[in-house]
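Subject: Handover of a structure and its findings

Dear colleague,

Please find below the sequence and structure that I am handing over to you. My findings follow directly after.

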Amino acid sequence: MADESPADGPRGERSTVEPPKSFVDRANVTAASAAAFDDWPACWERAAAMVDWTEPYDAVFDGDRSGGRWFPGGRLNASANCVDTHLAERKTQAAIKWIGKRGERRTYTYLDLYHEVNEFAAGLRSLGIEEGDVVTLYMPSIPELPVAMLACARIGAPHNVVFAGFSAAALAERMERSESEYLVTCDGYYRRGNAIYQKNKADNARISVDHEVTDIVVERLDDESIKLGDATAYDDLLSDHRGEEVEPVSRRANDPLFLIYTSGTTGEPTEVRHTTGGYLAHAAWTSHAVLDLKPEDTYWCSADIGWITGHTYLVYGPLSLGTTTLLYEGAPDHPEKDRVWELIERNAVDVFYTAPTAIRAFMKWGTEHPDSHDLSSLRLLGSVGEPLNPSAWWWYHDHVGDRECPIVDTWWQTETGSILLSTLPGVDAMKPGSAGPALPGIDVTVVGPTGEPTGAAEGGRLTVETPWPGMPLDLDADAADDGWQYVTEDVARIDDDGYVTVLGRLDDTVTIAGHRLGTMELESAIAGVEGVAEAAIVDVRSGGPVDSVYAFVSTDERHEDEARLRRWIADRVESTIGEFAVPERVVFTPELPKTRSGKLLRRLLKDIANDGELGDTSALRNPEIVGEIESALSDRE
Ligand code: WTA
């Protein structure tokens, strides 16, 4: 039983919850081992020790608090760390357990993974792929995706995973920017029983990319009518190289392991390149210290591999520790709303890591779903992606964890590579609503608009003050008076115990189905539709626990009928970004709310959409528009 009981205090933001003793006694990191982790940067040697190096590094960090490189001189291979290392002790243990959309199951032991990664790596080489070549991977959650990532890592070819839900145009842009001449995709996949033709999107992207593209296609659909053309079939490539072994390329610690694109304020995808040594050490260490993974665990991270969470905590972190990682292709509510709990029960999942938006959806679907399953295999729960509000925290704690599992609310970003803020689950008390303190070896503060220190409790921009191993190449950090700062776009408050509460993001980004997108990207897609004058995107939370995104759209004088325009908007978002990004509602308005200087008042739209207090509208040039928008919103579509 948990030490804490609901009677201990108000279930609000300020109450603290001690981790249960049963957990503390078995935790990977204890109070004593955490205390020894305070001498920056030397403390990170402990993380590096979790990784096998083919050449020892000369220094933990080459630089000072004003920046530098991690583990210079060191060499290693990430694929060898995730696969070969485990052959001695656990070659027959499951490395990846896959559950497909149609209920298919496939298990790869570490030995299976070793063979398939080697054969695919040999296949990639035979197509002319060399160390340093960027290989784009465009696949849903099928085992061939992590296999391809590890095969690329093996030969030192940085991978560029593009989320399968992105459109052809979004794929082409990412291949163009990364100058990637190789693409691994699939013919298609199933969604709620329907076939989605992924290869069509990939072919359209290839046509619009300026350079030649060599492609490999995983045949996932059983559909004879799909022609591979000049593409190579994944299975043929494997059988051509059956039994071959590829010596893992010894990569320098600061050679890129992969690149990934993320969204920021600019409306253009931003490239982030992660290193091999620092990234892997940080991923392995946090999987051990924060997610408490042990080799005998079955662990489920529900993120899509197409985003950073899937890279770090579905693939590199758990596999570097020799854990069994579950890969689920389907939807959480298909065929029934208890699907997630059924899978946890049937696979005896020990650690579950998901996103607040999923937890809020589970809450909405009802407690009868988790309550009808035996979830007693669970030991630890995790959350990432957004602030985990106290009511969702308590629901997760009570109904999923049965009050016996600590929750780690982990804060990090595509740019940080791995977790920077979280409680250590066997050490720290939890404060629902707060992500927790900076991990040992990480220093954070909050700063004012121009980088000056502010009162921690008042809040400001969350800022990391010392380099960390998982930081990417080309990090956008600034020199500060007495060192170095990576100033994030997150607004946060830090309490007297050092616990950070994230209040939101400063830049114009929205989170759709757990994926960060720039409002600009969506708005410019919608503004490209004939008949649309302007668009504003806001995210909506109230009125239901599930998050959604609304588009407020003003139209040209002679606009089309609204139903048609609505369809065009959806089509346009689908073709430029992807179907997942289509706003839940499109609200037409004669004008968007603007200040006298013509600046869009997005905050006001947010308040209206969330039924919030409107606050001061005196800055508006067109205050009459508020009533019109309110009435447009209350007209159900
Ligand atoms: C937000 C996802 C509050 C934050 C790993 C950050 C969070 C952005 C948390 C990064 C958390 C992530 N509490 N907010 N525990 N975790 N965020 O790059 O705004 O997709 O800057 O990486 O998600 O999103 P990204």
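Predicted model: local features only at pLDDT ≥ 70, side-chain atom pairs only at ≥ 80, totals over all residues.

The peptide bond leading from Trp40 to Pro41 is cis, and its omega is near -5°. A cis peptide bond also joins His334 and Pro335, with omega about 5°. Pro335 belongs to the loop between strand S17 (324-328) and helix H13 (339-347).

A further backbone feature concerns Asp292, a residue other than glycine with a positive phi, near 55°. Asp292 is found in the loop that runs between helix H11 (277-289) and strand S16 (298-301). As background for these entries, most residues other than glycine have a negative phi, and most peptide bonds are trans.

I turn next to the ligand. There are 16 residues around the ligand, and those that come nearest are Asp409, Thr410, Thr414, Arg505 and Arg516. By class, the shell comprises six nonpolar, five polar and five charged residues.

- A polar backbone atom of Thr410 is 2.7 Å from a nitrogen atom of the ligand.
- A polar backbone atom of Glu386 is 3.3 Å from a nitrogen atom of the ligand.
- An oxygen atom of the ligand lies 2.9 Å from a polar side-chain atom of Gln413.

On its own, the ligand has 520 Å² of accessible area, of which the protein covers 93%. Helix H12 (308-320), strand S20 (407-410) and strand S25 (500-505) are the elements that give two or more residues to the shell around the ligand.

Helix H12 also takes part in helix packing. Helix H7 (residues 144-155) packs with H12 at an angle of about 60°, and their axes are 12 Å apart. The crossing in which H7 passes H12 is right-handed.

Helix H17 (residues 519-527) and helix H18 (residues 562-576) form another packed pair, at an angle of about 130° and with axes 9 Å apart. H17 and H18 are therefore oblique to each other, and H17 passes H18 in a right-handed crossing.

Yours sincerely

Conventions. Residues numbered from 1 in each chain as written. Heavy atoms only, no water. Near = heavy atom within 4 Å. Polar contact = N/O pair within 3.5 Å; in protein donor to acceptor, adjacent residues only side chain to side chain. Areas by Shrake-Rupley, 256 points an atom, 1.4 Å probe, with all protein chains shown as cover. Helix = DSSP H or I, 4+ residues; strand = E, 2+ residues; numbered from the N terminus. Nonpolar A, V, L, I, M, F, W, Y, C, P; charged D, E, K, R; others polar. Axes fitted to C-alpha atoms, helices over the stretch in contact; angles between N-to-C directions. Left-handed = near helix turned anticlockwise from the far one by under 90°. Parallel < 35°, antiparallel > 145°, perpendicular 65-115°, else oblique.
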